[in-house]
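This briefing goes through a protein chain by topic. Please keep the sequence and the structure open while reading.

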Amino acid sequence: MDGSRLRDNPAAARPVIHRRLWKRIMGKSFHVHLVSDATGETINSVMRACLVQFEDTDVTEHSWSLVRTSGQMDRALAGIKQNPGLVLYTIVNEKLREQLVAGCRTLQVPVVPVLEPVMNAMAAHFGQKARGQAGRQHELDAEYFDRIEAMNFALSHDDGQSSRTYNDADVILVGVSRSSKTPTCIYLANRGIKCANVPIVPNCPLPPELFLVKKPLIVGLTKDASSLVQIRRNRLQMIARDEDTDYVDLSVVREEVATARRLCNEHGWPVIDVTRRSIEETAATIIQMLQDHRDGNTPSVESATASK
């Protein structure tokens, strides 16, 4: 059953066992079932956010997405019966929820409604009942097209391109090579934020348009010189380039990083050290700084971090 496609119905749930998330360290393995009436992105994100707190646990994950009929729920329950384990679900249809909960009770496996506490709190706070419509977050609404527009903007303004339209950006990231500018821009674009990025390259002037913008928040990204050298060496190896260059010379890179930081300080651009930050953490800090910027406050890394 697991890993097969239900050819008779393209919209049916398609259970897939993902590869093991960790090597077996302890003697016991656990099954976790993720049941969703949409793509399953939400519940997968919740699962991963929680699972990282359990490093020594061997987990086999079973995904059951697009479960929107009683028959599809029966198939998911059959898979749960075959490999009993914790069940997490995001199902908005009340009858399907009841079917799943009743089935899990019969199988004597724990079942957790991931979104229900949040939905109930919102319903009480807003004074209205949730619509109970599956997959609404994936509708082609204005917010969706804003994200597409932001993604196109990030791609066309990558690595110093299209400088004439910098003022249309929400955020402009500046920093030395391999300081995570592009992936951070892409992540922000997925949140509907128009982001450009400009590399700070030794002996190369920055685009003059960068110093004329009024609307965007400009943020510098920096990284520990040793980490940069390692990342750059890996990059050169990938493209089969000679490593005997100032690009990976530690003393030169240190001066490059220091020069970039001085530049940001001279222009009052806040700087984020991304050495030990994930892309998500960097983006979250920038989003908070952008809110401060839009509110007319002076954004700083310290205040943005404290607000998270």
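**Strands β2 and β3**

Strand β2 (residues 29-36) and strand β3 run parallel and are joined by seven bridges. The model is predicted.

- Within the pairing, Ser29 stands opposite Asp58 in β3.
- Together with helix α1 (residues 41-51), β2 and β3 form a β-α-β unit, and this unit is right-handed.
- Strand β3 covers residues 58-64, and seven of its seven residues are buried, so the strand is largely enclosed by the rest of the structure.
- Burial applies to both faces of β3: one side carries Asp58, Thr60, His62 and Trp64, and the other carries Val59, Glu61 and Ser63.

**The chain as a whole**

- The protein chain contains ten helices and nine strands.
- It has 308 residues, of which 37% count as buried.
- Among contacts in the protein chain with a separation of 6 or more, 72% are between residues 24 or more positions apart.

**Helix α7**

- Helix α7 has 14 residues (residues 225-238); at 1.5 Å a residue it should span 20 Å, and because its end C-alpha atoms are 20 Å apart, the model agrees with that expectation.
- The buried residues of α7 are Ala225, Leu228, Val229, Arg232 and Leu236.
- Viewed down the axis of α7, these buried residues fall within an arc of 100°, and therefore they line one face of the helix.
- What do the buried residues of α7 pack against? Their partner is helix α8 (250-267).
- At the start of α7, the backbone nitrogen of Ser226 has a side-chain oxygen of Asp224 within 3.1 Å.
- Just after α7, Ala240 has a positive phi of about 55°.

**Thr106 in helix α3**

- Thr106 belongs to helix α3, which covers residues 94-107.
- Is Thr106 buried or exposed? Its relative accessibility is 66%, and the cut-off for exposed is over 50%, so Thr106 counts as exposed.
- Thr106 and Lys81 lie 25 residues apart along the chain, and their C-alpha atoms are separated by 9.7 Å.

**Points to check on the model**

- In α7, look along the helix axis to see the face lined by the buried residues, then find α8, against which they pack.

Terms used. Residues are numbered from 1 along each chain as its sequence is written. This is a predicted model: local features need pLDDT of at least 70, side-chain atom pairs count only at pLDDT 80 or more; totals for chains, interfaces and linings use all residues. Side-chain values use heavy atoms; hydrogens and water are left out. Helices (H or I, at least four residues) and strands (E, at least two) are DSSP runs, numbered from the N terminus. The expected span of a helix is 1.5 Å times one less than its number of residues. Buried means under 20% relative accessible area, exposed over 50%, partly exposed in between (1.4 Å probe, protein chains only). The arc is that of the directions from the helix axis to the C-beta atoms. Contact means heavy atoms within 4.5 Å. A polar contact is a pair of N or O atoms within 3.5 Å; within protein, one must be able to donate a hydrogen and the other to accept it, and residues adjacent in sequence count only if both atoms are side-chain atoms. Two strands pair if DSSP finds at least two bridges between them. A crossover is right-handed if, with the strands pointing away from the viewer, the path from the first strand over the helix to the second runs clockwise.
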